[in-house]
Amino acid sequence: MSMVFVGVDPGVIVFAGDGVATEPVSGNVVGLVSKLVLMPELPCILGFTGMAGAGRFFAYATEGKYVDFDSLLEGVVDDCREIHERALEELNLPHASYAKMCIALGGWSDLRQQYEAYRCMSYPKESLVPGETEVTIIPPWTLSRIEFMWASSAPTTATMARLGANDCDDLLEAAVRWICAGRQDCGRDENGLLAAIGGYVQIAILDDNGVRSWIPHRWPEDEIGRPLDPTRGFQLPQWLERADEGVIGA
């Protein structure tokens, strides 16, 4: 399971994702792959974690189907459920957890004249809103609204604090810090499969100027054929580490 971050403000939506693919049992890196899908024609951004290639499957299966973000909201759950079911039937996955699917989508709603973001999972998911303490369980295939900031995987509070993510209100900076914190907390799930986050940090933005994406940080230490090790490489991009040193030294 990789990591996708979503931040929503009245005038912008910010997505971030890591860029590594691993073999979940061995933890070996098998490639670099984007977890984000840009659909400027709607306009919207989607983020996928879990099942390998889910974003590309979705883009191929729904090409030309939707005319705007509002129509996407009406059909995305059924489309993702169908993709998930076909994967279980056709891909001969060695473990059901390989086909877990988490989808985040954000775009401009013409009906409501605002930027909106939502999430949906193929499995029951614990949810904790930043700043709150109560954990809720979201049922599978439930489209839930994202308010302000959310991530598909939650780094520990200690790691978030150490990497300066807890009190960061700037969405772009928070996006980078959250993904970096996720890499530091890589570990195995209840089935013994590695939840790997790494490779690079990819940012995607949707605002009144359109959709755009770039990679502000890479971890070349996450080498293909070797297990992902979060102790290798910088915890944060050096430009953020320098900024933190400036604050501490002020």
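**Figure 1. Arg 232, with a relative accessible area of 19%, is buried.** Buried denotes under 20% relative accessible area, exposed over 50%, and partly exposed the range in between, calculated with a 1.4 Å probe on protein chains only. The model is predicted, so local features require pLDDT of at least 70 and side-chain atom pairs count only at pLDDT 80 or more, whereas totals for chains, interfaces and linings use all residues. Residues are numbered from 1 along each chain as its sequence is written, and side-chain values use heavy atoms, with hydrogens and water left out. Arg 232 meets Asp 229 in a salt bridge, with an N to O distance of 3.8 Å; the term requires a side-chain nitrogen of Lys or Arg within 4 Å of a carboxyl oxygen of Asp or Glu. Asp 229 itself is partly exposed, its relative accessible area being 26%.

**Figure 2. A salt bridge joins Arg 183 and Asp 222, at 2.8 Å from N to O.** Arg 183 belongs to helix α4 (residues 171-184) and Asp 222 to the loop between β16 and α5 (238-249), so the contact ties together parts that are 39 residues apart in sequence. Helices (H or I, at least four residues) and strands (E, at least two) are DSSP runs numbered from the N terminus. Both Arg 183 and Asp 222 are buried. Ten salt bridges are found in the whole structure; elsewhere, Asp 70, Arg 112 and Glu 116 are linked in a network of such contacts.

**Figure 3. Five strands form an open antiparallel sheet in the order β12-β1-β2-β15-β16.** β12 (149-151) and β16 (210-218) are the edge strands, each with a single partner, so one side of each has no neighbour in the sheet. From one strand to the next the twist averages 15°; axes are lines fitted to C-alpha atoms, for helices over the stretch in contact, and angles between N-to-C directions run from 0 to 180 degrees. Pairing requires at least two DSSP bridges between two strands. Three bridges connect β1 (residues 4-9) with β12 in the antiparallel sense, and Val 6 stands opposite Trp 150 of β12.

**Figure 4. Strand β15 (residues 200-207) is mostly covered, with eight of its eight residues buried.** Tyr 200, Gln 202, Ala 204 and Leu 206 point one way from the strand, while Val 201, Ile 203, Ile 205 and Asp 207 point the other way. β15 is joined to β2 (residues 12-18) by seven antiparallel bridges, Gly 17 having Gln 202 as its bridge partner. Seven bridges also pair β15 with β16 in the antiparallel sense; these two strands form a hairpin with two residues between them. In β16, Arg 218 is the bridge partner of Tyr 200. Asp 207, at 14% relative accessibility, forms a salt bridge with Arg 212, the closest N and O atoms lying 2.8 Å apart. Arg 212 is partly exposed at 33%.

**Figure 5. The whole structure contains zero disulfides.** The criterion is a pair of cysteine sulfur atoms within 2.5 Å. For Cys 102, the nearest cysteine sulfur is that of Cys 120, 8.3 Å away. For Cys 120, the nearest is that of Cys 80, at 6.5 Å. Cys 102 is buried at 2% relative accessibility, and Cys 120 is likewise buried at 2%.
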